[in-house]
Amino acid sequence: MTYPYLRPRRMRRDDFSRRLMRESVLTADDLIYPVFVHEPAGRAAVPSMPGVERLSIDELLRVAEAASELRIPALALFPVTAPDAKSLDAVAAWDDDGLCQRAIGALKQRFPHLGVITDVALDPYTSHGQDGIVDDTGYVMNDVTVEALVQQALSHARAGADVVAPSDMMDGRIGAIRAALEQDGFIHTRILAYAAKYASSFYGPFRDAVGSASALGKADKRTYQMDPGNSDEALREVALDLEEGADMVMVKPGMPYLDIVRRVKDEFGVPTYAYQVSGEYAMLKAAFANGWLDERKCALEALLGFKRAGADGVLTYFALDAARWLREGA
Ligand SMILES: NCc1[nH]cc(CCC(=O)O)c1CC(=O)O
Ligand SMILES: [Mg+2]
C-alpha cells in the first residue's frame, strides 16, 4: 500500500496528533547545570560564554536555589583555582578545605536534595593545564595520575559529593576510584564516567572560564582524549568503564558526536549522558546575539536532539534558561 492510502502528513496535521506520536521529549529532569566556582566575592563574567559567570560560594547558593526551584536534578561543579595554588603535582585537588570541597559542603547543607556532581581531573590544579601529572617530556603519566585522581575523588566524597565524574581519560581510573570508595565506605557515591571524551577544539571557552587555557598554551590533550575520527573506540572505552564500576557514562562533546551517543545507548542500554560543551554553547549564543537564530527555539531543539539520540540527560549551560522556557511552555 502506498500513496494515497498512506499519507504521513495526516498525523502531522493537528497539534493533538503531533503530540500523540512525539517520540522524545525534553523536561527539566534531563538537565544538569555546569557551574564555575571561584574564590573572590561576587560574580565574574566569562566573555566567551555570554550569560555564564564564575560564582563565589554565596552566589552559587543563589543559583542552586533557582535550579532546585526549577527541578533541575543536579549541578556539576567546576572550580577556578588561583594561579598560586597550581603546582606540578596538583596537591590542591585533594585539599579537604579546598574551594571545590567547601562548595560541595555548602550546597549539600542548604539543598540536600539537589544532586552535586564533581569533576575529577587535575587540569584546574596543574601549572601546565594538563589533566594529569607529566614526566620530563610533558607526557601525562597514567598510573601516577590515577593515584592522584583517587585522592581527589575520595576528598570529594568526604565533602559530600553525590556523584564523582572523572573527565581525565586515564586508563583504569574508574576501577581504582570505585575500589577506594568502597574501601572507605562510600558505597552510595555514584561514578559518572566521561568514558568517550574526545580531544575536541570545542572546549576553548571552558578553558578560558577555569583559567587553564593560558597554562595549556599551544599544547593539546591528544595523548589521552580520543581522536575525533573514532567511533568503535568509544564503545571499547565505555565497555571498560562499565566493567570497572561506572554507574553512568558520558559522551563529550555533544552535538558533533550524537552518532556516538546513539551507538553507546544501543550497545549498552545504560544511563547515558552527553555534554553540550562550552564551544557549542558559545556558537549558539553568538548566533542568538546576532539575531541569526531564535534563542529559545534553537536551544530547546538542540537539547531535544540529545534525547532523540538516546541521551538520558544533558550537561548544558542552557539548563536554567531551558528549564524556565519549558515551564513557560515554550
Ligand atoms: N577535565 C577538564 C574538562 N572538564 C570539562 C571540560 C570541558 C567542558 C566544556 O567545554 O564545556 C574540560 C576541558 C578539557 O578537557 O580541556
Ligand atoms: Mg578509558
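These legends describe close-up views of a predicted model.

Residues are numbered from 1 along each chain as its sequence is written, and chains are lettered from A and ligands numbered from 1 in the order in which they are written.

**View 1. Aromatic cluster.** Ring pairs (rings of Phe, Tyr and Trp, the last by its six-membered ring, with centres within 6.5 Å) join Phe-36, Phe-78, Tyr-194, Phe-206, Tyr-275, Tyr-281, Phe-288, Tyr-317 and Phe-318 into a cluster. The whole structure has eleven aromatic pairs.

**View 2. Lys-252 and Tyr-203.** The charged end of Lys-252 sits over the ring of Tyr-203, 4.7 Å from its centre. Such a placement requires NZ of Lys or CZ of Arg within 6 Å of the ring centre and within 35 degrees of the ring normal.

View 3. Among the 18 residues around ligand 1 (a heavy atom within 4 Å), Arg-207, Lys-221, Lys-252, Ser-278 and Tyr-317 come nearest.

**View 4. Polar contacts of ligand 1.** Polar contacts are pairs of N or O atoms within 3.5 Å. A nitrogen atom of ligand 1 is 3.0 Å from an N or O atom in the side chain of Asp-123. For Ser-167, a polar side-chain atom lies 2.8 Å from a nitrogen atom of the ligand. The side chain of Ser-278 has an N or O atom 2.7 Å from an oxygen atom of ligand 1. Of the 400 Å² of accessible area (Shrake-Rupley method, 1.4 Å probe) that ligand 1 has on its own, the protein covers 100%.

Conventions
This is a predicted model: local features need pLDDT of at least 70, side-chain atom pairs count only at pLDDT 80 or more; totals for chains, interfaces and linings use all residues. Side-chain values use heavy atoms; hydrogens and water are left out. Rings of Phe, Tyr and Trp (its six-membered ring) pair if their centres lie within 6.5 Å; planes under 30 degrees apart count as stacked, over 60 as edge-to-face and the rest as tilted. A polar contact is a pair of N or O atoms within 3.5 Å; within protein, one must be able to donate a hydrogen and the other to accept it, and residues adjacent in sequence count only if both atoms are side-chain atoms.
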